[in-house]
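Open the model in a viewer and follow the stops below.

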Amino acid sequence: MDPIRKPAWLQKKITPVAHAEMEGLLKELRLNTVCQQARCPNITECFGKRQATFLILGRICTRLCSFCSVSKEAPLPVEPGEAASVAEAVKRLGLSHVVITSPTRDDLTDGGASMYAETVASIRSVSPGTKVELLIPDFRGDGAALAAVVESAPDILGHNLETVPRLYYIRSGADYQRSLDLLAQARLLAPGLNTKSGLMLGLGEGETELFAVLEDLLKVGCRYLSLGQYLAPSRMHHPVQRYVEPELFEFYKERALAMGFEHVESAPYVRSSYHAENYLEAHR
């Protein structure tokens, strides 16, 4: 299959007019979302349902991953009222489940861990019934930073491996083992914590390599998994090597469940926070 031409199953439409209400609220509260910054193809679907993945700590990343469209410039100071603004948005949207993520902020002493903890506390203070999911960076392996985040007691703690070890050159500044260690340490700090990870497919990974990564995740206690198709944001980014068929995504889902994962979202348009509420709902 020609890797340049998108197949029929990757023709999801984005309708900006459907975003007006959500974008108005985000602008009013001066908030960023990964939906906008990462040019997510699900933005119309999610914004139309008044769902968003909030991007704290600004919109500028300090790393240079070749698969991501998040801005890469000199980072700005952290907004002092950001946690309260996110909590206000959660309350006004009436969210039952919210995902909070951030760019990697290696310029900050704790990598932004304290802001994650503050955001969880702010949401719980105004919307105690909301389930809070965090999708965190690796904090450069800083155990104290991770401990601060875990202590905030999120309902799900996510950290994406993104791809197989052989392809980690596309993740500038990241380290496969360090990411695995983070997930392992989180479970040691809080044995009952739900941990989650995600991978993009179509970057050039082999099937044997993929299943080896899934085994590694299970070994560190990770039981929630997302698998989705990598889509290059531009011709300047790492090129797509393959468009994975929907039937193969379904096969990977069944295989992952048989291996021991408790919940798996696996389809071309799946992203880390896509159908995020399903992970906990499936096990009530």
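A residue counts as buried when its relative accessible area is under 20%. The model is predicted, and it holds five aromatic pairs.

Select Phe211 and Tyr252 to begin. Their rings form an edge-to-face pair, with 5.8 Å from centre to centre and 80° between the planes. Phe211 sits in helix α8 (residues 207–219) and Tyr252 in helix α9 (residues 246–259), so the pair links distant parts of the chain, 41 residues apart. Phe211 has a relative accessibility of 10% and therefore counts as buried. For Tyr252 the value is 6%, so this residue counts as buried too.

Next, select Tyr224 and Tyr279. Tyr224 belongs to strand β7 (residues 224–229) and Tyr279 to helix α10 (residues 277–281), so the pair ties together parts that are 55 residues apart in sequence. Is Tyr224 buried or exposed? Tyr224 is buried, as is Tyr279.

The charged end of Lys196 is placed over the ring of Tyr279, 3.9 Å from the ring centre.

Ring pairs join Phe211, Phe251 and Tyr252 into a cluster. Finally, show Arg255, which lies over the face of Phe211 at 3.9 Å from the ring centre. Phe211 thus has an edge-to-face partner in Tyr252 and a charged residue, Arg255, over its face.

Conventions:
Residues are numbered from 1 along each chain as its sequence is written. This is a predicted model: local features need pLDDT of at least 70, side-chain atom pairs count only at pLDDT 80 or more; totals for chains, interfaces and linings use all residues. Side-chain values use heavy atoms; hydrogens and water are left out. Rings of Phe, Tyr and Trp (its six-membered ring) pair if their centres lie within 6.5 Å; planes under 30 degrees apart count as stacked, over 60 as edge-to-face and the rest as tilted. Helices (H or I, at least four residues) and strands (E, at least two) are DSSP runs, numbered from the N terminus. Buried means under 20% relative accessible area, exposed over 50%, partly exposed in between (1.4 Å probe, protein chains only). A charge sits over a ring if NZ of Lys or CZ of Arg is within 6 Å of the ring centre and within 35 degrees of the ring normal.
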